[in-house]
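Hello,

Here is the structure I said I would pass on. My notes follow below it.

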Amino acid sequence: MEYQLTYKRFGERSILIEWPSKIDENILHDVLNFKDILVNSKIKSIIEVNNAYCSLLITYDYFEFYFEREVEILKNLYKKENNTTKSVSRLWNIPVCYDVNFGIDIEELSREKGLTIEALINLHTQSLYTIYFTGFLPGFLYLGGLNEVLHTPRKASPRLKIEKGAVAIGGNQTGIYPNESPGGWNIIGNSPIVFFDVSNEQPCFAKAGDKLKFYSISKKRYHDINTLVEAGVYQLESEVLHD
């Protein structure tokens, strides 16, 4: 499917391309397909291409460029290369301990939703999430697919300190804090794995277009996995998916 895109000048040397403004997997696939085309194109002046839910930000290596000319090149490339290619993605299985010692908001959230904690956990772990992009913090995965029953506004007063690995809900999204940071999402658990390690060739193991699924673990299993992670021997469960 070919979308009607808008092209905007963004700063001194970037162009922002926007798709229809909604969280949609078909739009995501089109965004990522065009991103791959641009990354693999012969346009040497493009030095970086970043995606969000429904946009691409293209950065050039010079400050003064002819905006209209570059837009025309991009439009022609999009029309010419719009045939979506088959992509290979992965499904990542993420262990989470939902114990109240980790999930400091889970009891309050369960009361607000009229659910038992077990029912809340079941809803959170049953969904198959799509990774749309990373941002906010290095390794912070923006996920689509949260069950509507669990949609919850962010807190009016953000916390100054959220623990590394905290699994949380904010609005219509769920996510994991890869490092300690401030944050206003509702904390329901914690994952013992590492989501961003600058010493790795690929610092964040997952990428946009991948899938993610949470599964519940006990406190003992949490600490066992954490020990393996600290020793550098833990193997995260995943499988290859083909479109």
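Predicted model: local features only at pLDDT ≥ 70, side-chain atom pairs only at ≥ 80, totals over all residues.

The buried residues of helix H2 are Phe67, Glu70, Val71, Leu74, Leu77 and Tyr78. Because they cover an arc of only 125 degrees around the axis, they sit on the same side of H2.

What lies over the buried residues of H2? The cover includes strand S1 (6–10), strand S2 (14–18), helix H1 (25–39) and strand S4 (55–60). As for its dimensions, H2 runs over residues 67–80, which is 14 residues. From its first C-alpha to its last it reaches 20 Å, close to the 20 Å expected at 1.5 Å a residue.

Next, a pair of helices. H3 (residues 106–113) and H4 (residues 117–126) pack with their axes 9 Å apart, at an angle of about 90 degrees. An angle of that value makes H3 roughly perpendicular to H4. On the H3 side the contact is made by Ile106, Glu107, Leu109 and Ser110, and on the H4 side by Ile117, Leu120 and Ile121. By type, the residues of the contact of H3 with H4 are five nonpolar, one polar and one charged.

Is asparagine 93 buried or exposed? Its relative accessibility is 16%, and buried means under 20%, so asparagine 93 counts as buried. Leaving aside neighbours within four places in sequence, asparagine 93 is in contact with Lys213, Tyr215, Leu236, Glu237 and Ser238.

Finally, the chain as a whole. It has five helices and 14 strands. Of its 243 residues, buried ones make up 47%. Taken along the principal axes, the C-alpha atoms fill a box of roughly 60 × 40 × 35 Å. Among contacts between residues at least 6 apart in sequence, 64% join residues at least 24 apart.

Regards

Note on methods. Residues numbered from 1 in each chain as written. Heavy atoms only, no water. Helix = DSSP H or I, 4+ residues; strand = E, 2+ residues; numbered from the N terminus. Expected span 1.5 Å × (residues − 1). Buried < 20%, exposed > 50% of the residue type's maximum accessible area, 1.4 Å probe, protein only. Arc of directions from axis to C-beta. Contact = heavy atoms within 4.5 Å. Axes fitted to C-alpha atoms, helices over the stretch in contact; angles between N-to-C directions. Parallel < 35°, antiparallel > 145°, perpendicular 65-115°, else oblique. Nonpolar A, V, L, I, M, F, W, Y, C, P; charged D, E, K, R; others polar.
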